[in-house]
Amino acid sequence: MLTGATSVTTHNATVDGYSVVTDLSLVQQVLGYCSQFDALINSYGSGYTVTIKTHTMGELLVEMEDRLFDLKLVEHHHNMAVYSLHQSATRLAPIFGVLSDLREAEVIEDYSISQCSLEDVFITFARVLTCT
């Protein structure tokens, strides 16, 4: 796939008479720059998403604010809360420890931690658009 995000290492292709090996900047001017989806994730969604199911939302919100202040509450409703964690904010081990403790104390029914996906980025865009 020719995106312009990386250098061509073997072979050659031409676009509108310009070589992607020797005239890449001219090719980008003709086609425009098409970055990989990773650029969107890195710019708008780096980090992790923590999704928590609970029976006691009030207690969960207080515990999370007191114990895991690196997490940012994105949304909560009924019995689900979604937090975001910037990748450079903290290590995951302490987060798993706190979530495990809260699960044993029956504050949390279930939880998951996942890396941000392209879908998460688009959901974030949609959330911003509907709020403005």
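Predicted model: local features only at pLDDT ≥ 70, side-chain atom pairs only at ≥ 80, totals over all residues.
Colleague: Where is His78 found, and is it buried or exposed?

Modeller: His78 sits in the loop between β4 (72–77) and β5 (80–85). It is exposed, with a relative accessible area of 75%.

Colleague: And what is phi for Glu106?

Modeller: Glu106 also has a positive phi, near 60°. You will find Glu106 in the loop between α4 (92–104) and β6 (108–115), and it is exposed at a relative accessible area of 60%.

Colleague: Now helices, please. Why do residues three or four places apart point the same way in an α-helix?

Modeller: Look at helix α3 (residues 57–67), where Met57, Leu60 and Met64 are buried. They lie on the same side of α3, because they cover an arc of only 60° around the axis. Glu65 and Asp66, on the other side of α3, are exposed.

Colleague: Which elements do the buried residues of α3 pack against?

Modeller: They pack against β3, β4, β5, α4 and β6.

Colleague: Could we finish with a strand residue: is Thr49 buried or exposed, and which residues does it touch?

Modeller: Thr49 lies in strand β3 (residues 48–54). Buried means under 20% relative accessible area, so Thr49, at 16%, counts as buried. Leaving aside residues up to four places away in sequence, Thr49 touches Val82, Tyr83, Ser112, Ile113, Ser114 and Asp120.

Terms used: Residues numbered from 1 in each chain as written. Heavy atoms only, no water. Helix = DSSP H or I, 4+ residues; strand = E, 2+ residues; numbered from the N terminus. Buried < 20%, exposed > 50% of the residue type's maximum accessible area, 1.4 Å probe, protein only. Contact = heavy atoms within 4.5 Å. Arc of directions from axis to C-beta.
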